Each structure stands twice: as C-alpha cells, then as structure tokens.
Amino acid sequence: MDNNAAISQGEEALGAYLAQHRMRFTPERRELVRMVDRQQGRFTPAQLMEQMQQEGHRVSLATVYNALGLMLKASVVKRHQFSTSNAAYEKVVRHSPSSGRFQLVCNTCGRIREIKDTHVARLLRRQDLGSFHPACYTLHVYGICNSCYRKQRKNKN
C-alpha cells in the first residue's frame, strides 16, 4: 500500500467518525491523523507532539491526547499498554486476516519483538465466529527476553 492510500484511509476513517458524531474536522486533527499515517511502528503521544512541533505545527499535548482518543474510536489507531509505563499507539493497517503477528513482550525491560504468523490465521478461518468478520489480529505473549533471563540467572548465582 503506498503512502497516499494510507493517508487517505486514516483521514477518511476519522472524517467519517467525526461527521457521524457531528464533530469538526479541525486543521489540528487533520495534521495529527496525517502524522499518525506516516508513523512506522508504535509511538507515544509525547513523540507525536514533538514531531508535530518539529514540523512547525503548534499543538499541545492535550490536543494530541484528545485527537488520539477520537482516532481510537474511529479505528485509526490501536492503544497498547505493555507495562506500567505510558501507553503507546500504533496506526491500524487494514490488511488480510491471514497476515497476523505475535508480539513477544519482555516484562522486565519492555522490549517487544514481532513475529509474523499464519498458523493462528488458519485457526481463525476454521472457527465459527457467527456474524463477526476479523480484519486482522495481534497476539501479545508476555514473558522474559533471553537477555533479561540471563541477567536474572547470573544475579541468582
């Protein structure tokens, strides 16, 4: 998918949500959804605000949080809370349910490793989900990465 398609998809989804709820598509919201569409991977609200300011846009952290809340409701972004640290966001990429992934999350250092997977996708296709039609999936597996595991074992000895 090229960048223009992703930008129009995010803007379209947010625009439709805002119109449905009789809310304005302000210039700040439009710039924020465009910035979200350019993101690769996860980001925090503070990182998004910093990038907006670097590009010369005047936006407060409260505006960023409010816009992300609307984008969350419009399914433009997903919110991740992997640990007790601040939440991270990630743009929703519309793709086939057969292109799912695992995210291995270390409970100690917070590192996240992604693994693409097709086995769970096959299981999903075999399930009778009634009138539910999955668009994509992400499975989070929590544990301890090898580096932290070795450090823990070394400290015990």
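Which residue forms a salt bridge with E11, and how far apart are the closest N and O atoms? Here are some notes on that and on what surrounds it.

1. **The model.** This is a predicted model, in which local features need pLDDT of at least 70 and side-chain atom pairs count only at pLDDT 80 or more, while totals for chains, interfaces and linings use all residues. Residues are numbered from 1 along each chain as its sequence is written, and side-chain values use heavy atoms, with hydrogens and water left out.

2. **Overall layout.** The protein chain holds 6 helices and 5 strands, taken as DSSP runs numbered from the N terminus (helices are H or I with at least four residues, strands are E with at least two). Their order from the N terminus is α-α-α-α-β-β-β-β-α-β-α. Of the chain's 157 residues, 32% count as buried (under 20% relative accessible area, with exposed over 50% and partly exposed in between, for a 1.4 Å probe and protein chains only).

3. **The opening question.** The partner of E11 is R34, and their closest N and O atoms are 3.1 Å apart. This pair links distant parts of the chain, with R34 in helix α2 (residues 27-38) and E11 in helix α1 (residues 3-20), 23 residues apart. A salt bridge here is a side-chain nitrogen of Lys or Arg within 4 Å of a carboxyl oxygen of Asp or Glu, and the count comes to 4 by this rule. E11 is buried at 12% relative accessibility, whereas R34 is partly exposed at 28%.

4. E31 is partly exposed, with a relative accessible area of 22%.

5. **R30 and its surroundings.** The charged end of R30 sits over the ring of F25, 4.0 Å from the ring centre (the rule asks for NZ of Lys or CZ of Arg within 6 Å of the ring centre and within 35 degrees of the ring normal). The C-alpha atoms of R30 and A67 are separated by 9.3 Å, and the two residues are 37 apart along the chain. A67 lies in helix α4 and is buried, at 4% relative accessibility.

6. E55 and R38 form another salt bridge, with 3.1 Å between the closest N and O atoms. This pair too links distant parts of the chain: E55 is in the loop between α3 (45-54) and α4 (61-73), R38 is in helix α2, and they are 17 residues apart. Both ends are partly exposed, E55 at 46% and R38 at 34%.

7. **The second largest pocket.** This pocket has a volume of about 180 Å³. Its lining includes L104, C106, R111, R113, Y142 and C145, and β3 (100-106), β4 (112-117) and β5 (138-143) are the elements that each give two or more residues to it. A pocket is an open set of points on a 1 Å grid where a 1.4 Å probe fits, with protein on both sides within 12 Å along at least five of seven lines; lining residues have an atom within 4 Å of a point.

Technical notes
Points joined across faces, edges and corners; volume = space filled by probe spheres on them.
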